[in-house]
Amino acid sequence: MTFSSLGYEFQIARSTIGTIIRETCEAIWSTLKEQEMPEPTEEVWLGIADQFYLKTNFPNCVGTIDGKHIRCMNPRRGGSNFFNYKKFFSIVLMAVVDANLRFVAIDVGAYGKEGDSTVFRDSPLGKKLYSGSLNLPPPRCLPNTQPEEIPQPFVMVGDEAFKLHTNLLKPYPSRNMNATKRVFNYRLSRCRRNVECAFGVLANKWRIFHTPILVQPSFVDKIVQACCILHNFVRKRDGNSYADTESHPFDDVRNLGEGQRNRGLDVRDYFAQYFMGAGAVHFQRSYMY
């Protein structure tokens, strides 16, 4: 339903409809943010990690991360800032999702031309992660390993678009693959799909995301924030259902780029060896690619 059709139905000017919707979205965000999307504490991160291990067999994971394009109209004098590689105008929604498909943190409003790595690096969450101020729990040994094993850091998992980091893992490149790397990529993908499912639930619940949002980008930011908060509100009260997670209309953000990287390589290699030993599941070789 458009602003014009709402104006005809309620006999209110289109500009007034726009003001009401903007103020409502701002009120939803400001009122529910601390309740539905508070800043995670160490205890919250531990709870998220336990849920990921229970549901995906991926230990020490505190979130899956991805960025998605939200279609919008190009503002005046916007130039090519909002024009993405898919040939349409958009803003980027960057999100971290837990094992129950709820948003842990979001960043909305980056230019559509930007890639995942840049958007995450410049987001408040990314700055805290890279500066070591994210309140992540101290490293702990992975399940079923010996006490003398090296404790491993808590990590987020993302796709190839992100830069490898001590606390951010991504798949091995497709070249020079062996069984260990293939199994790791499968196990990481099995965990990372939560963020894709969360975007699917969001889009299917709030159908405004099925078409371009024909308002200014700053207004789109408010709408997306409100929808993400309401998504968390609904999932907490209605429970978790995977029936509506089959697909979503958002388009992937392309990779625009590659201190902590060497440490990230070591962490990824450790997890890869762990998945071939103490952390193996019986079905992983059937699905590795």
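Q: Helices (H or I, at least four residues) and strands (E, at least two) are DSSP runs, numbered from the N terminus; in which helix is Arg190 found?
A: Arg190 belongs to helix H6, which covers residues 179-205. This is a predicted model, where local features need pLDDT of at least 70, side-chain atom pairs count only at pLDDT 80 or more, and totals for chains, interfaces and linings use all residues. Residues are numbered from 1 along each chain as its sequence is written, and side-chain values use heavy atoms, with hydrogens and water left out.

Q: Why is Arg190 called buried?
A: Buried means under 20% relative accessible area, exposed over 50% and partly exposed in between, with a 1.4 Å probe and protein chains only. Arg190 has a relative accessible area of 13%, so it counts as buried.

Q: What makes the pairing of Arg190 with Asn57 a polar contact?
A: The two side chains come to 3.0 Å. A polar contact is a pair of N or O atoms within 3.5 Å; within protein, one must be able to donate a hydrogen and the other to accept it, and residues adjacent in sequence count only if both atoms are side-chain atoms. The 3.0 Å pair of Arg190 and Asn57 therefore meets the distance limit.

Q: How do you know which residues of H3 and H6 meet?
A: Contact means heavy atoms within 4.5 Å. By that test, Phe52, Lys55 and Thr56 in H3 meet Arg190, Cys191 and Asn194 in H6. By class, this contact has 2 nonpolar, 2 polar and 2 charged residues; here Ala, Val, Leu, Ile, Met, Phe, Trp, Tyr, Cys and Pro are nonpolar, Asp, Glu, Lys and Arg charged, and the others, Gly among them, polar.

Q: What makes H1 and H2 roughly perpendicular to each other?
A: Helix H1 (residues 3-10) and helix H2 (residues 14-36) pack at about 105°, their axes 8 Å apart. Axes are lines fitted to C-alpha atoms, for helices over the stretch in contact, and angles run from 0 to 180 degrees between N-to-C directions. Under 35 degrees is roughly parallel, over 145 roughly antiparallel, 65 to 115 roughly perpendicular and the rest oblique, so H1 and H2 are roughly perpendicular. Their contact brings Phe3, Ser4, Leu6 and Gly7 in H1 to Arg14, Ile17, Gly18 and Ile21 in H2.

Q: Why does Ser90 count as buried, and what does its side chain reach?
A: Ser90, in strand E2 (residues 90-97), has 0% relative accessibility and is therefore buried. Its side chain makes a polar contact of 2.8 Å with the side chain of His69, and another of 2.8 Å with that of Asn84.

Q: How do you know that Val62 is buried?
A: Val62 sits in strand E1 (residues 61-71), and its relative accessibility is 0%, so it counts as buried. Leaving out residues up to four places away in sequence, Val62 touches several others, including Trp45, Phe52 and Leu136. The C-alpha atoms of Val62 and Trp45 are 5.7 Å apart, across 17 residues of chain.

Q: What makes the phi of Gln11 and of Asn176 worth a look?
A: Most residues other than glycine have a negative phi. Gln11 has a positive phi of about 60°, and Asn176 one of about 55°.

Q: Are these two residues buried or exposed?
A: Gln11, in the loop between H1 and H2, has 68% relative accessibility and so counts as exposed. Asn176, in the loop between strand E5 and H6, has 66% and is therefore exposed.
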